[in-house]
Amino acid sequence: MKIENYKRRIVDDQIEHYLKLFGAVCIEGPKYCGKTWAGRYHSNSEVLLHKTTGGSTNNVELAKMSPTLILEGEKPKLIDEWQEATNLWDEIRIDVDKTGKKGQYILTGSSTPNRTGIAHSGAGRYGKIYLRTMSLFESGDSSGAVSLEELCNHKLKEKFTGEVDLRNLAKLIIRGGWPGNLDYNSKDASEAIKAYIDLIIDDDLARLDGIRRDKHKLRLLLKSLARNESTTVSNKKLKDDISEIDNEDIDIDTLASYLDALSRLYLLDNDEPFSTNIRSSVRVKQSEKRHFADPSIACALLNISEEDKLIHDLNTFGFLFEAMVERDLKIYANCFHAKCYHYQDYQNKEIDCVIELENGNWCAFEIKLGANKIEEGAKNLLRIKKEIEKEKGKVPSILCVICGLSNVAYQRPDGVYVVPITALKP
């Protein structure tokens, strides 16, 4: 379907490919990240399953009572927010089996549904795609002068990539990668995300599974997560943080259940630990690295709505910059079937991001906001690589520092690459 001013997404190629492989494609991700627009771009008809009050027609009820009517229409057909009528999953699977045709349906979902009543996983019939908020390359804020895939395969060509302004980096973090907010200034973007968070708390969490949750404690948990963005803080430390900062107590089991609900709404996008046994004598921590779906959520929760607030708190700026970079790395790595992790051991050695390639090789990345921190990041990578070599472990195939304030992509004499995030693409 024609969509005016549609900004093409990196996953569009994957959607097109999956429509040739599967009878149905399911696009999942947080609300407002562009799932409906992407689905509509690849479809020829649509039905929106949004619960309504009043009106003569309710597509959710219609889908439950007469699903065959919902499935009628020119294919591929978009079914938006399919989780509002989970019976459609099996109905679509049956229809795909009956027709034997590929590319019949595109489903979008902004929460993990309760699978009660779903008889079949849909294996072989459905292809699943996860859509994140927009990367800097997708939003037009990265030149795309450097390919991550080529970098991971030692194919970097040294080049100047243009000047980077600290204030603009701050704006990109506060604004986030939400397609509908790209033209907003920082204050308007922050206000929009605060309203987004309110709706998640007041509406979406209640509708997720019918469980009533303490909205006040949910807000305290979200603020604690914002204070601990890009860290491996445990649930217990989140509980202690809420107690110390907000002088409130939250039961640890309740906290865990709230985190699970937020994950089911795709509001969290944590990084798994790199578990490959690269160091035989060192225990590796198995904690996930905490991230929101977009760094702008943390900014809104911390009331950071202006660039100056971030610039005058460089510690917070660094963590949020790390979150933005890791969001982009996950989006880019997915294009060449690679996966992102983090590394942290009990000797306090850390690697900000690990990208594991299909062939089993892995690449180590440090993320630094300022060019003055490049040396520190490179030394950390080289030190860890040397220790792995001593233990005859599998060393990273490349070492790279992703930088904010750098205007050139190059390889240092010690072999470490340096690449500005505003020059990166898949």
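Where does Asp269 lie? I found Asp269 in the loop between helix 12 and helix 13; helices (H or I, at least four residues) and strands (E, at least two) are DSSP runs, numbered from the N terminus.

A note on ground rules: this is a predicted model, where local features need pLDDT of at least 70 and side-chain atom pairs count only at pLDDT 80 or more, while totals for chains, interfaces and linings use all residues. Residues are numbered from 1 along each chain as its sequence is written, and side-chain values use heavy atoms, with hydrogens and water left out.

**Entry: Asp269.** I checked its surroundings next. Asp269 is buried, at a relative accessible area of 10% (buried is under 20%, exposed over 50%, partly exposed in between, with a 1.4 Å probe and protein chains only). Leaving aside residues up to four places away in sequence, Asp269 touches Arg132, His291, Phe292, Ala293 and Lys330; contact means heavy atoms within 4.5 Å. I also looked at Asp294, 25 residues from Asp269 along the chain, and their C-alpha atoms are separated by 8.3 Å.

**Entry: aromatic pairs.** Rings of Phe, Tyr and Trp (its six-membered ring) pair if their centres lie within 6.5 Å; planes under 30 degrees apart are stacked, over 60 edge-to-face, and the rest tilted. I get 10 aromatic pairs by this rule. Tyr32 and Tyr196 make a tilted one, with 6.4 Å centre to centre and 40° between the planes. Tyr32 sits in the loop between strand 1 (24-28) and helix 2 (35-41) and Tyr196 in helix 9 (residues 186-209), so this pair ties together parts 164 residues apart in sequence. Tyr32 is partly exposed at 41%, whereas Tyr196 is buried at 10%.

I then turned to Tyr130 and Tyr266, an edge-to-face pair with 5.7 Å centre to centre and 65° between the planes. Tyr130 belongs to strand 5 (residues 126-130) and Tyr266 to the loop between helix 12 (252-264) and helix 13 (295-301), 136 residues apart. Tyr266 is buried at 9%, and Tyr130 is partly exposed at 26%.

I noted a cluster too: Tyr32, Trp178 and Tyr196 form one aromatic cluster.

**Entry: two helices.** How do helix 11 and helix 12 pack? Helix 11 (residues 235-246) and helix 12 pack at about 110°, with axes 10 Å apart. Among the residues making the contact are Leu238 and Ile242 of helix 11 and Leu255 and Leu259 of helix 12.

Notes: Axes are lines fitted to C-alpha atoms, for helices over the stretch in contact, and angles run from 0 to 180 degrees between N-to-C directions.
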